[in-house]
Amino acid sequence: MTETLQSVFDALRERMLRAGGSMDVAKGEPGNLILKTPWNEPGKREPAWFGAVQLKKNYVSCHLMPLYARPAMRDDVSAELLKRMQGKSCFNFKKVELELFDALEQLTAICASAYAEPVVAKPH
């Protein structure tokens, strides 16, 4: 693990926690932050997964499940941030990019607002 990736993780972790609103920390171990909703996932006995920041070998990933459950929310993703998107709900970074991190923090706050109350994913 390089110091650069640790810096990326630390910056994204701080933003996820700040913008996560009422989300609960399910895991807060080194290199792995997982937030879950304060409500149980429909049909399950545990809270729904909201997002995560995870330190990988060559990058840091930031997941936002509301983007998967509500695809229309991807309309709020900037073109520059879309370039970092992998799949439907994950963004990968190799270095600190404050402008993109700020945009991701704003998007995280929008997602937290959308997930403040229980939601049911619609098929896409």
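In the predicted model, G28 stands opposite L33 in β2; strands, like helices, are DSSP runs numbered from the N terminus (strands being E, at least two residues; helices H or I, at least four). Residues are numbered from 1 along each chain as its sequence is written, and side-chain values use heavy atoms, with hydrogens and water left out. Because the model is predicted, local features need pLDDT of at least 70 and side-chain atom pairs count only at pLDDT 80 or more, whereas totals for chains, interfaces and linings use all residues.

Strand β1 (residues 24-29) runs antiparallel to β2 and is joined to it by five bridges, where pairing requires that DSSP finds at least two bridges between two strands. The hairpin of β1 and β2 has two residues between the strands, and G31 takes a positive phi near 80°. Strand β2 (residues 32-40) has seven of its nine residues buried and is therefore largely enclosed by the rest of the structure; buried denotes under 20% relative accessible area, exposed over 50%, and partly exposed the range in between, with a 1.4 Å probe and protein chains only. Six bridges link β2 to β3 in the antiparallel sense, with L35 opposite G51 in β3. These two strands form a hairpin with six residues between them, and G43 in the turn has a positive phi of about 80°.

Strand β3 (residues 47-55) continues through five antiparallel bridges to β4, and four residues lie between the two strands of this hairpin. In β4 (residues 60-64), five of the five residues are buried. V60, C62 and L64 point one way from β4, and S61 and H63 the other way. H63 is the bridge partner of A52, and C90 in β6 is also a bridge partner of H63. β4 and β6 pair antiparallel over four bridges.

S89 lies in the loop between β5 (85-86) and β6 (90-93). At 10% relative accessibility, S89 counts as buried. Beyond its neighbours within four places in sequence, S89 is in contact (heavy atoms within 4.5 Å) with C62, H63, L64, M65, L67 and Y68.

The axes of helices α1 (residues 3-19) and α4 (residues 98-114) come within 8 Å and cross at roughly 30°; axes are lines fitted to C-alpha atoms, for helices over the stretch in contact, and angles run from 0 to 180 degrees between N-to-C directions. α1 and α4 are therefore roughly parallel to each other, angles under 35 degrees counting as roughly parallel, over 145 as roughly antiparallel, 65 to 115 as roughly perpendicular and the rest as oblique. Residues making the contact include V8, L12 and R15 of α1 and F101, E105 and T108 of α4.
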